[in-house]
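What lines them, and what does the fold around them look like?

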Amino acid sequence: MSEENKLAFPQKLDIDSFPKEQKKKRRRRKSGFVYKIKKRYKLWQEERDWKKSQKKKYKATFGEKVLIFILAPIADFLDDIRRERKLKESFNKEKGPNFFVRHYLMYKENQEAAKESKHLSRKIRKSLSFDLDEDKRIFSFKDEFLHMKDTWKTLPWNKSRDIENLFVSTFTILLAFSLNYLLIQAAKYGTATFFNVPALWQDGRIIFNIPHASSLWTYSSVLSVYMVGPFLAFIVAMVFNSLHSKVKDKSSFKALLYMWIYLTAFVLFFGTFVAGIFTDRGFGYVIGWLFIPKYIEIPLGLFSVFMIWMIGFSAGKKLIAFAPLRAFYTSPLPQFFIKLVYIYIPVIISILVLLLIGFNNRDFTIQLVYISFIGMLTPTLRFIPERME
């Protein structure tokens, strides 16, 4: 049959005559604990063979190993030297001034700082009669008074706030001074009782109704009775000074209370020593029993006066923290006004109250302590340029 006839009359195809495809068997994925161990062992074996092949390439001899061990520190030392040289070269690129130029620049800087402090001190000395806005001195008393009056009016006073703060400051000073004073008197009374020395409370203080020549006054009893109170006051001052430094909010009532407690304690410690030199009581009585000569007693008294002044000087920065607004401490005159309302008036009122109620009004020693208390505040009259918080 020709090709045309094949196409015109197609033959039936037998399906069974075609070759059958062989089905591929699916391999099961091997899994299991044993298989994993074999696989890991095979990987480890291959890695071990690779390491052995790497070692066979180059193996250092014993001599080479010894040489490397000896020369390695030298190589590190040379690397350090190269690194230092590179650093020096980088520094030399930006050369600074030489020794003499540096000292000259420091001298100029210190000179400028000295001029600024001198200029500031002049303003401080003329604080009550110096107008910062116009930068001139007011010589006329009338103009000076008007300037102070205008400054007072321009300040942001708040009557309710300022009266409340004045009352709180006065109450705090009274409380702090009374607590410290009563602590000294209680310590004196307790020590006297221990030595069988009769004592009683009279005129706001502890007195001893026995003569000075009594046999009860011995070396140990005099030192103990008159020294234990001031010693406790000094410890209280140090403790509350530390507590005040730890307070975060320096304008809080807690900070105010701690500050006045340690200030009054320091005043009672150093002030009674100064008063004892004039009255021969308290510390002065002890000095007499110890037979301390005047050339030692007077320098100690001067040292106590200096310490009172220094305590007031350091307290000035802490007192500024209680100023309610920035306008009260940015210039000398407003700062003096706020210290007058918050510090000086409360201190004077506190001393007058203690005297009026008959508290220590007949003891010349404690009156000298009051004077030293006022003297402690004299360094705070200065202008403090920065608010310390």
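I first asked which helix gives the most to the lining of the largest cavity. Helix α11 (residues 332-356) does, with four residues. I took helices (H or I, at least four residues) and strands (E, at least two) as DSSP runs, numbered from the N terminus. A cavity is a set of points, on a 1 Å grid over the protein atoms alone, where a 1.4 Å probe fits but cannot get out, and lining residues have an atom within 4 Å of a point.

I note that this is a predicted model, in which local features need pLDDT of at least 70 and side-chain atom pairs count only at pLDDT 80 or more, while totals for chains, interfaces and linings use all residues. Residues are numbered from 1 along each chain as its sequence is written, and side-chain values use heavy atoms, with hydrogens and water left out.

I listed the lining of the largest cavity as L319, I320, F322, A323, I338, K339, Y342 and I343. By class I found seven nonpolar residues, no polar and one charged. Here Ala, Val, Leu, Ile, Met, Phe, Trp, Tyr, Cys and Pro count as nonpolar, Asp, Glu, Lys and Arg as charged, and the others, Gly among them, as polar. The space in this largest cavity is about 50 Å³. A volume is the space filled by probe spheres set on the points, with grid points joined across faces, edges and corners.

How many cavities of 30 Å³ or more are there? I count two. Two or more of its lining residues come from each of α6 (159-194), α11 and α12 (364-376). Helix α11 again has the largest share, three residues. The classes here are six nonpolar, one polar and no charged.

I then turned to α10 (residues 294-319). Its 26 residues reach 37 Å from first C-alpha to last, close to the 38 Å expected at 1.5 Å a residue; the expected span is 1.5 Å times one less than the number of residues. Buried residues (under 20% relative accessible area, 1.4 Å probe, protein chains only) in α10 are E297, G301, S304, I308, I311, G312, A315, G316 and L319. An α-helix has 3.6 residues a turn, so residues three or four places apart point the same way.

For the whole protein, I recorded twelve helices and four strands. Of its 389 residues, 32% count as buried.

Definitions and conventions. Buried < 20%, exposed > 50% of the residue type's maximum accessible area, 1.4 Å probe, protein only. 1 Å grid on protein atoms, 1.4 Å probe; cavity = no way out; pocket = protein on both sides within 12 Å on 5 of 7 lines; lining within 4 Å.
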